[in-house]
Amino acid sequence: MIRFDTINKIYLYSGPTSMKFGIYKIQQLVAFNFSPAEIINSIFVFCSKSKKIIKIYYENEYGFWLLQNRLNDGTFKWPEVGELVNVDKRQLDWLLKGLDVIERKPKPQLDVKYY
């Protein structure tokens, strides 16, 4: 069982992930980027290209889990590609409900003067 009181960190993987990936392929993606000490009791969240499906990988000293969540309506508010985002438990809960929890930097506005 996932014990949320023992979670160290929650990471959102910003690149699109094939939802055909099973638990061992997801485990390889995580192991390639993190040390075993960082993986234990951390949550890694992956999103499909369509942003309608999320997979969550969790590993503790007893084994590992792969969970999937699909929105019936709308899409997940996901970070831009290339960003590694840490969120807290409350933000993860909001994200799984389809709410926007990623702080987005405003795009610079051009000051255009017409003569």
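R90 is partly exposed, with a relative accessible area of 46%; the term covers values between buried (under 20%) and exposed (over 50%), computed with a 1.4 Å probe on protein chains only. This is a predicted model, in which local features need pLDDT of at least 70 and side-chain atom pairs count only at pLDDT 80 or more, while totals for chains, interfaces and linings use all residues. Residues are numbered from 1 along each chain as its sequence is written, and side-chain values use heavy atoms, with hydrogens and water left out.

**Salt bridges**

R90 forms a salt bridge with D88. The term stands for a side-chain nitrogen of Lys or Arg within 4 Å of a carboxyl oxygen of Asp or Glu. The structure holds 2 salt bridges, listed here.

| Salt bridge | N to O distance |
|---|---|
| D88 and R90 | 3.5 Å |
| K97 and D93 | 3.3 Å |

D88 is partly exposed, at 32% relative accessible area. In the other pair, D93 is partly exposed at 37%, whereas K97 is exposed at 57%.

**Nonpolar cores**

A nonpolar core is a set of buried Ala, Val, Leu, Ile, Met, Phe, Trp, Tyr and Cys residues joined through side-chain atoms within 4.5 Å. The largest one here has 18 residues, and I43, V45 and I54 have the most contacts inside it. At least two of its residues come from each of β1 (10-16), β2 (43-47), β3 (53-60), β5 (84-87) and α3 (89-96). These elements are DSSP runs numbered from the N terminus: helices (H or I) of at least four residues and strands (E) of at least two. Beyond its neighbours within four places in sequence, I54 is in contact (heavy atoms within 4.5 Å) with residues including V45, F46, L67, F76, W78 and L95. A second, separate core has 8 residues, among them Y11, F34, F46 and Y57.

**Aromatic rings**

Y11, F34 and Y57 also belong to a cluster linked by ring pairs, together with Y24, F44 and F64. The structure holds 7 aromatic pairs, where rings of Phe, Tyr and Trp (its six-membered ring) count as paired if their centres lie within 6.5 Å.

**A buried loop residue**

N41 lies in the loop between α2 (36-39) and β2. Its relative accessible area is 14%, so N41 is buried. Leaving out residues up to four places away in sequence, N41 touches T6, I7, N8, K9, Y58, E59, N60 and E61.

How values were computed:
Rings of Phe, Tyr and Trp (its six-membered ring) pair if their centres lie within 6.5 Å; planes under 30 degrees apart count as stacked, over 60 as edge-to-face and the rest as tilted.
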